[in-house]
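Notebook open, structure loaded. I'll jot down what I look up as I go, starting with the strands.

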Amino acid sequence: QSQFVESGGGLVQLGGSLRISCAASGFSMVYYAVGWFRRAPGKEREGVSCISSTGDSTNYADSVKGRFTISRDNAKNTVFMEMNSLKAEDTAVYYCATWYGRTCPNVQGVSLMLFSSWGQGTQVTVSS
């Protein structure tokens, strides 16, 4: 089965940092842009960031711009997201998925139905 396996989530203090990962399982992500998404309690799943297949282009939701950094290691078939200056509103389950092309759409407002290979997610909880 082709899907991502997310890891690295946990409990972190307000203002702290965390690095989460998602490893592609059962397929090679080399030819695809990959996005990070999150679903906070009581809210719809939303796009957070996206990285092109080569890693030379990224985009972010306004809510995380300047605080989160997406990166990828194609040799390890893995995508990362470094999250800094965490806020309570960053508490959510974080997921990865592939876009059907090499370059990213604008991660804000894009239909999530166009992404595939969703993983089970990793929980990030920011506490005060």
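Definition first: I call two strands paired if DSSP finds at least two bridges between them. Strands here are DSSP runs of E with at least two residues, numbered from the N terminus.

**Ground rules.** I'm working on a predicted model, so local features need pLDDT of at least 70 and side-chain atom pairs count only at pLDDT 80 or more, while totals for chains, interfaces and linings use all residues. Residues are numbered from 1 along each chain as its sequence is written, and side-chain values use heavy atoms, with hydrogens and water left out.

**Entry: the six-stranded sheet.** I traced an open sheet of six strands, ordered S2-S10-S9-S4-S5-S6, with mixed pairing. Its edges are strand S2 (10-13) and strand S6 (58-60), each pairing on one side only. From one strand to the next, the twist averages 25 degrees. For the angles, axes are lines fitted to C-alpha atoms, and values run from 0 to 180 degrees between N-to-C directions.

I then looked at one pairing inside this sheet. Strand S4 (residues 34-39) and strand S5 (residues 46-51) are antiparallel and share five bridges. Which residue of S5 is the bridge partner of Trp36? I found Ser49 there.

**Entry: the four-stranded sheet.** Another open sheet has four strands in the order S1-S3-S8-S7, and its pairing is antiparallel. Strand S1 (3-7) and strand S7 (68-73) each have a single partner strand, so one side of each has no neighbour in the sheet. Neighbouring strands are turned by 20 degrees against each other on average, direction ignored.

S1 runs antiparallel to strand S3 (residues 18-25), and five bridges join them. I noted Cys22 in S3 as the bridge partner of Glu6, which took me to the cysteines.

**Entry: disulfides.** I count a disulfide when two cysteine sulfur atoms lie within 2.5 Å. How many does the whole structure hold? The search gives two disulfides.

In one of them, the sulfur atoms of Cys22 and Cys96 are 2.0 Å apart. The S-S torsion of Cys22 and Cys96 is about -80 degrees, so I logged this disulfide as left-handed. The pair links distant parts of the chain, with Cys22 in strand S3 and Cys96 in strand S9 (residues 92-98), 74 residues apart. Both Cys22 and Cys96 are buried; buried means under 20% relative accessible area, exposed over 50%, partly exposed in between (1.4 Å probe, protein chains only).

The other joins Cys50 and Cys104, with sulfur atoms 2.2 Å apart. The torsion about the S-S bond of Cys50 and Cys104 is about -90 degrees, so this disulfide is left-handed too. Cys50 lies in strand S5 and Cys104 in the loop between S9 and strand S10 (122-127), so the pair ties together parts 54 residues apart in sequence. Cys50 and Cys104 are both buried. Counting bonded cysteines along the chain, I get the pattern 1-3, 2-4.

**Entry: Ser52.** I found Ser52 in the loop between S5 and S6. Is Ser52 buried or exposed? It is buried, at 2% relative accessible area. Its side chain makes a polar contact with the side chain of Asp56 at 2.9 Å. By that I mean N or O atoms within 3.5 Å; within protein, one must be able to donate a hydrogen and the other to accept it, and residues adjacent in sequence count only if both atoms are side-chain atoms. Leaving aside neighbours within four places in sequence, Ser52 has contacts (heavy atoms within 4.5 Å) that include Tyr32, Arg72, Arg102 and Cys104.

**Entry: cores.** A nonpolar core is a set of buried Ala, Val, Leu, Ile, Met, Phe, Trp, Tyr and Cys residues joined through side-chain atoms within 4.5 Å. The largest core has 27 residues, and Trp36, Met83 and Tyr94 touch the most other members. S3, S4, S5, S7, strand S8 (78-83), S9 and S10 each supply at least two residues of this core, and S3 gives the most, with four. Apart from it I found another core, of nine residues, among them Phe37, Cys50, Ala97 and Phe115.

**Entry: Thr91.** Last stop: Thr91, in the loop between S8 and S9. Thr91 is buried, with a relative accessible area of 17%. Its side chain reaches the backbone oxygen of Ala88 at 3.1 Å and the backbone nitrogen of Val126 at 2.9 Å.
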